[in-house]
Structures are given as C-alpha cells and as structure tokens.
Amino acid sequence: MGGLVFTGGPIWTGRGGERAEALAVREGRILAVGGETHVRAALGDERFDVVGLGGRMLMPGFHDAHVHPVSGALERLRCDLSHVHDRAGYLRAVGDYAAANPGREWVTGGGWSMSAFPGGLPRREDLDAVAPGRPVFLPNRDHHSAWVSSAALERAGIDAGTADPANGRIERDPGGAPTGVLHEAAMDLVTPLLPEDTDEDYDVALMEAQRYLFSLGITGWQDAIVGAYAGARDQLGTYLRADREGRLRARVAGALWWERDRGAEQIPDLIRRRAEAGGEGRFRAGIVKIMQDGVAENFTAAMLEPYVGLGVCGTSNVDPARLREYVAELDRAGFAVHFHAIGDRAVRECLDAVAASGNTGRHHIAHLHVVHPDDVPRFGALGVTANIQALWATHHEQNDTLCVPYFGPERAGHQYPFGAIARAGGRLAAGSDWPVSTPDPWQAIHVAVHRTEPAGSAESGWPDARTPMLPEQALTLEQALRAYTAGSAYVSGLDAQIGDLAPGKAADLVVLDRDPFAPGSPLHDVRADLVFIDGEPVHER
C-alpha cells in the first residue's frame, strides 16, 4: 500500500481544537500530523503521493453511533417512502410499487411520516384502494408503528375482538375495528407472516448501505439492533459473512438486541453471540441494546407525569427493578449497554440502572427527547454518554403537533438538552437512526449548531421551522463534530483505532468540499469529496 500526504488545506484533527497543515499516511495508518515541516521530516526519503486539498478540510471519518443500515437499505430497495412527504405522495408511491411488482405477494418497505395524516394515523382503506387485495406492511420512519392494509389484518386474524398485546396497541375506530395502524409489539401480530428475507437479500442490503454511508463520509457505525425485531431478521450472520469474505470495509460495532419478553436467562446467549463476532475483524459485538420505552407520538414514551389530557404516562418495556438487575449482570459480563430512552421517566430509569451497576462499561442512552433537569448532570457524574440524534431537535410539524401539545409548556422546555448535558460534563456521541431520518451527518450537525430545520428539508415548510428550538441547547461546530467522531468511536469501543487524527491511528479520513468553519459557511449542504478507509479510497464524488 502506497503512502499519502495531505496538504494545502485545513486539517481538523478532532483533538481539542487542534489544527494541522499536513498529514501523512503509511500502510493504512497515520504516520505524522502537524506542521508542513514536521510532516515532511517524518517522511524522510520515502516517496508519497500528494493529495492536494485546495482549501478543502480534511477530518476523521464520521462514525454513526445509532443506525440501522440493513433495514435502511432494504427500504431504499423496496417501497421507499422516505423521499415522499404527504398522503397523496405516499399513495402514489405505494400504488406504483404494487403495479411494478405484481409477483410480490406482500408490499413491504416503509418510511412514512406521521405528520402527513390527521392525528398521525393513516387508514387501511387508502392502502386497499391503491393495492387492492394485497397485504401491505409499511413501518413508519421511527419503526415504532406500521401502516397495514385490510388484507394484512385479515391474514393475521386481527379484528375487533383481538386484544392489544403487552407493550403494543392496535388503533381502532369507535366500534373497536382496527383502522390500519399497529403500534410497538402489535406489529408482531403481522411480522411472522411477512415473506422471509434471504441471506442474499441481506448481503445485498448491507453492501448498498455501506456504499451509501461511505458517500456521506461515514466510515463506520454502531448498528443499533443486531437481532430479530419488528419483522427484520437477525443480521449477525450477514455481518459475519461480509467480514469473513472481506466485503465489510467499514468498522462496525453491533448492539445485540435484548429481547423484551425474556430476562437474565438470555445473557449466556448474548455472550455466545459476542464470541461468534470475535474481536479481530471489522465487526465486533460487545454492546447490548435495551429499548426501555417507545416514542412520544404514540404515547408509549415513558413519562414521569401523564401526557396532557390523556391520563397515561407511557410504557416502560422493562420493569425498572429488573432493569437494574439486568444492567448490573451485563456490566459484570463486560457489555456496554445502549439504551433507547425517549421519555423523561425512561431516561431516569436507565440512569438509575447504571448507577446501581458496577458501571465499568461505556454505557450510553440514545434519543433523549425529554430529560428532566434533575437528570442532566447525572450523565457526566455517572460517565453515561448521551447518544444524540440531533436532526430531531427542531420545530417541525410532527413534533409540534403530535408531541408538544401533550408534553405541556414545562416539559416542552426539557427537549433534547444537548448543550446542558455538555456543560455539565457529559460526553456526547451522535448518530442518525437511519432509516428513521437521513444518515447525512451534515443535516444533523446543522441542527445541533442552529436548532433550526435545514433549508430544503422535508420539514422546512413548517411555519416555525426557522425559529430555533431552545437555542440555549445548541452545540458549537467543534462539539458537534467531536460527538460524530471521537464520541461515537468511544461508545463503540473503537477509540483506540479511530475518532481523531493522531499518529498510529487508522487512516479513515474524509476530504470535505469546503472548510465548514469558514465564516458564513452553510452546514447543511457540506459534502464528502473523498473518503478513505485505511488510506485507501472508498468514495470519490
């Protein structure tokens, strides 16, 4: 492998605001970084190819700390609704897909937004009209609800007499008949009937996801659910095959799925799965994902006080006392725990569980839609990383109409407190939750810094989209970039290899199309011109 020298533009090292003039790579590792004279001296008489930056910025590759790549790519390859933003568009897309794929028994895919429908709830009759007689199963963007057709309900035997499952809810009309939306575990009434994806389907999807993420400057990620969930099959074998065959170039940490209907008896299985992944290749699996609650839009996010006017407080998927026991056992077994927590009660339950454990792992809590102010300083005190999905921290229609009215004014002021957590000494990591939202890190970084919708986004037409949401919770560009690089590498246990630019670390690098620190530089449309893994190019724009 030949050597490279990067020069002629700013180099953001990710190390305490440090900048450099040049960087050299040899045999896939960073050889030297710093001033031009220092780097040239480190080269000695060796010949290196020069990459002229031309004023563009070089930085570490992004590491997405919460993403679902296989699911995201499968949706891109099927009935993809993520690029459509209204009811009419969804129905056109479903109808077109159904017509173009008459041989597919089921219409699957997903990516619809709740804000496109009154109360966030589409109807089965719409699907019946555009895909007559076809069973349709389409998860929404956050994958906590699914839109289903009458044929899908009939095949699953779901009718007015069907009871809601534990941790799930069937939307119904006043007479009790299902209307076509299934929340949380109610999706599992249908998912066993879906056509089973093949190994080949998943292999193709992982390679498409890797290609797409590389194009955005993302050189590694933490897969937030490695296991069977909401109709998706277990991806562990997919990653192991890709790693073994040399097709997996990204550095990936897998968060093994904690099955909500089981308890501590599953820990030996998790230990076995971790051992299968090993620790020497591109994929490792030393993390466990526990989904402690749902989402606010369907009132399954666990709140300390009832939703305004509803008298319900959401759902804790794992009993808090049991959660403390499980986290302590996982900690002793050497696992980091990746919690999903949307509501303030769920956040507190996760922090309490870490506090009661040995707390030796790199535990982190994702999403953090609402955090009680009393719990903000606990992140730093406990060493729990806030795994943020910054793109959501704006005024947009789904949040302002389906969440905020039910939070009330006080709780609305507790949303996405990234700045407060950082000021209190908490560590930040960052991810996208793709396919829930775009994996483009610069869209999220714009929101983290400005707390407004990026220009041209699906939600930018909302009247308050240009008004900052809680601007005191904004991050600096430096903080946002560190969250997306060093912070995310840390929670994936990869910080010895990646996350900043230092001699000896892997040359996973991105050349941007500009210097985003330049005054007035728009952040939302920064692009990756060149992307390298181990000093080898994997993307060129």
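The model is predicted, with local features needing pLDDT of at least 70 and side-chain atom pairs counting only at pLDDT 80 or more, while totals for chains, interfaces and linings use all residues. Residues are numbered from 1 along each chain as its sequence is written, and side-chain values use heavy atoms, leaving out hydrogens and water.

Let's start with the sheet. Six strands form an open sheet in the order β7-β8-β9-β10-β12-β11, with mixed pairing. At its edges stand β7 (79-80) and β11 (168-172), each with a single partner strand, so one side of each has no neighbour in the sheet. Strands here are DSSP runs of E with at least two residues, helices are runs of H or I with at least four, and both are numbered from the N terminus; two strands pair if DSSP finds at least two bridges between them. Further in, β9 (residues 136-139) and β10 (residues 145-148) pair in the antiparallel sense over three bridges, and phenylalanine 137 has valine 148 in β10 as its bridge partner. Helix α3 (residues 87-100) packs on this sheet, touching β7, β8 (107-110), β9 and β10; contact means heavy atoms within 4.5 Å. The direction of α3 makes about 140° with that of β8, where axes are lines fitted to C-alpha atoms, for helices over the stretch in contact, and angles run from 0 to 180 degrees between N-to-C directions.

Strand β10 also takes part in an aromatic pair. The ring centres of phenylalanine 117 and tryptophan 147 are 5.2 Å apart and their planes lie at 65°, so the pair is edge-to-face. Rings of Phe, Tyr and Trp (its six-membered ring) pair if their centres lie within 6.5 Å, with planes under 30 degrees apart counted as stacked, over 60 as edge-to-face and the rest as tilted. Phenylalanine 117 sits in the loop between β8 and α4 (124-130), and tryptophan 147 in strand β10, 30 residues apart.

Now to helix α17 (residues 477-491), which gives six residues, the largest share, to the lining of the second largest pocket. Fifteen residues line that pocket, with Arg427, Leu428, Arg482, Ala483 and Gly487 nearest its centre. A pocket is an open set of points on a 1 Å grid over the protein atoms alone, with protein on both sides within 12 Å along at least five of seven lines; in a cavity, a 1.4 Å probe fits but cannot get out, and lining residues have an atom within 4 Å of a point. Ala483 is also among the residues lining the largest cavity, together with Tyr484.
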